[in-house]
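Here is a briefing on one protein model. Look over the sequence and the fold, then read the notes by topic.

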Amino acid sequence: MDWNEDGLKDLLVGENNGQVRYFQNVGSVGNPVLHYVGLIQVSGVTLDVGDYSQPFVNDWNEDAKKDLIVGASDGRAWLYINEGTNASPVFRTISYIMLASGAQLDVGDRCGAIVVDLDGDGVKDVVSGEINGKIKFFKNNGTNANPQLAASVFLMTGTVQASTPGTSRLDVVRWDNNLTYDLVVGSYDSRLRLFKQAATNAPAPTITLTRTSGYIVPGSGGTISYTIAINNPNPSTVTFDLWTDLQLPNYGYNPPMIQRTGVQLTTGASASRNLNINVPGSWAAGMYYYYGYVGSLSTFQLYNSSNFYFYKNTTGDGAWVGEWSFDGWTEEPAMETLVPLPLDARLAAAPNPFNPTTNLSYDLPDAGTVYLAIFNTSGQKVVELANGYRTAGNYQVTWDAGSLPSGVYFARLNTGTQQVVQKLLLTK
């Protein structure tokens with residue numbers, strides 16, 4: 001982005017404190033040299049959107065001058081119209097990107113709005129990541145000069161919401177050099193994910209990894225227990241590959257630890273296994289993230305993924321010693337176990353009272369959009385644990401309330417047709 005119109009690409013950088021820094025390229029096209037100029041100003045005061053600012057440059061009002069859009073932790077896209085020139089932008093007022101309904105564009109938390117004609121209809125739309133790792137699309141039903149943005153919808157991969165582990169940040173590219181835009185998405189882990197616009201097949205299988213033991217491994221080593229569950233919402237049998245890998249404390253990745261190809265599940269079937277990960281005492285201390293995937297290894301297509309984390313306390317020299325052990329995963333034939341579907345939506349917590357983690361189990365009688373969140377006694381949302389499409393079946397998620405004070409909390413499950421509330425007691 002050429003901020004000062006000198007023919008060289010410059011850089012605007014958002015900050016955790018909500019400000020935006022300007023770095024001018026004082027080098028050349030082939031050898032950029034960035035010089036820090038200062039913080040972007042609005043009427044002589046430093047631009048500040050609160051937290052987690054993400055700037056994006058676009059001529060929003062189509063007056064041939066670049067404007068500035070800044071996503072923020074409050075979920076909104078702050079809009080600064082350029083009242084100067086392209087070579088010397090001047091911002092005097094603050095407004096917000098609005099929807100056609102008159103409401104402010106709001107993704108909930110940690111907006112990262114970018115402007116792009118994603119659907120190829122000739123008018124610019126808005127796409128944004130958010131704190132839970134999902135990607136929201138605001139279609140423009142108006143014109144470029146007068147955008148009329150519809151309410152957000154989640155971008156999907158088949159019937160599964162496109163997502164990352166959390167706080168998704170994205171850019172648009174024409175990855176395969178066709179006429180459609182694809183998305184490259186970063187997250188709080190060290191990976192970039194590519195979502196390509198392409199014709200989608202029937203709903204893909206979904207995978208859920210659930211840690212069933214505590215998340216702390218002693219310095220001397222120990223065992224992490226978990227469940228891996230796969231569901232097939234397709235109207236026909238599906239064939240897919242399954243694999244897992246591990247993100248290390250230094251953000252490196254270990255190769256696939258489980259890898260099975262040609263797995264089949266019939267219509268509406270589920271498969272599940274209870275497994276263990278043996279963690280030697282010589283492994284490095286720190287946070288580990290364990291990922292499971294279903295997709296196609298031959299075509300590098302990812303249908304769905306899930307993950308959990310665990311923490312190993314300090315001991316040893318951190319060398320990679322020993323082998324993984326997956327007790328319980330011994331079946332070689334097609335892994336199929338039919339699981340009876342629940343008759344009603346149910347929500348339970350164990351242990352309860354708890355300190356500081358509890359496992360929230362919920363049952364869904366039908367497929368659909370599910371929302372599960374924790375609220376305090378004042379009705380304020382503390383954390384969102386599930387938000388998106390789920391097939392019918394049984395699910396479990398762990399809530400770590402280690403940073404919260406003791407007291408009463410409420411878990412609220414909303415399936416669209418039913419709402420269930422579970423009282424929780426955190427004791428420290």
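Two strands pair if DSSP finds at least two bridges between them. Strands (E, at least two residues) are DSSP runs, numbered from the N terminus. On these terms, four strands make an open antiparallel sheet in the order 10-11-12-13. Strand 10 (114-116) and strand 13 (153-154) are the edge strands, each pairing on one side only.

The model is predicted: local features need pLDDT of at least 70, side-chain atom pairs count only at pLDDT 80 or more, and totals for chains, interfaces and linings use all residues. Residues are numbered from 1 along each chain as its sequence is written, and side-chain values use heavy atoms, with hydrogens and water left out.

- Strand 10 and strand 11 are antiparallel and share three bridges. Ile-114 has Val-127 as its bridge partner in strand 11.
- Strand 11 and strand 12 are also antiparallel, with four bridges. Here Val-127 has Phe-137 in strand 12 as its bridge partner.
- Strand 12 (residues 135-138) is joined to strand 13 by two bridges, again antiparallel. Phe-137 has Val-153 as its bridge partner in strand 13.
- The hairpin of strand 11 and strand 12 has five residues between the strands. In this hairpin, Gly-133 takes a positive phi near 90 degrees.

**Burial of strand 11**

- Relative accessible area sets the classes: buried is under 20%, exposed is over 50%, and partly exposed is in between (1.4 Å probe, protein chains only).
- Strand 11 (residues 125-129) is mostly covered, with five of its five residues buried.
- In a regular strand, side chains alternate between the two faces of the sheet.
- Asp-125, Val-127 and Gly-129 point one way from strand 11. Val-126 and Ser-128 point the other way.

**Aromatic pairs**

- A pair of aromatic rings is described by the distance of the centres and the angle of the planes.
- Rings of Phe, Tyr and Trp (its six-membered ring) pair if their centres lie within 6.5 Å. Planes under 30 degrees apart count as stacked, over 60 as edge-to-face and the rest as tilted.
- The whole structure has 17 aromatic pairs. One of them, Phe-23 with Tyr-36, is tilted, at 5.3 Å centre to centre and 45 degrees between the planes.
- Phe-23 sits in strand 2 (residues 20-25) and Tyr-36 in strand 3 (residues 34-39), so this pair ties together parts 13 residues apart in sequence.
- Phe-23 is partly exposed at 21% relative accessible area. Tyr-36 is partly exposed at 33% relative accessibility.
- Trp-78 and Tyr-96 form an edge-to-face pair, because their ring centres are 5.1 Å apart and their planes lie at 75 degrees.
- Trp-78 belongs to strand 8 (residues 77-80) and Tyr-96 to strand 9 (residues 95-96), so the pair links parts 18 residues apart in sequence.
- Trp-78 counts as buried because its relative accessibility is 10%. Tyr-96, at 21%, counts as partly exposed.
- Trp-3, Tyr-22, Tyr-80 and Phe-91 form one aromatic cluster.

- Contact means heavy atoms within 4.5 Å. The contact lists below leave out residues up to four places away in sequence.
- Leu-79 lies in strand 8. Its relative accessibility is 5%, so Leu-79 counts as buried.
- Leu-79 touches Trp-60, Leu-68, Ile-69, Thr-93, Ile-94, Ser-95, Tyr-96 and Ile-97.
- Leu-79 and Ile-69 are ten residues apart in sequence and 4.7 Å apart in space, C-alpha to C-alpha.
- Asn-4 is placed in the segment before strand 1 (11-14). Asn-4 counts as buried, at 19% relative accessibility.
- Asn-4 touches Asp-10, Tyr-22, Gln-24 and Ala-87.

**The second largest pocket**

- On a 1 Å grid over the protein atoms alone, a pocket is an open set of points where a 1.4 Å probe fits, with protein on both sides within 12 Å along at least five of seven lines. Lining residues have an atom within 4 Å of a point.
- The second largest pocket holds about 470 Å³ of space, a volume being the space filled by probe spheres set on the points.
- Its lining has 25 residues, and Ala-229, Asn-231, Ser-270, Gly-393 and Asn-394 lie nearest the centre.
- Strand 19 (206-211), strand 21 (221-231), strand 24 (270-280) and strand 31 (393-400) each supply at least two residues of this lining.
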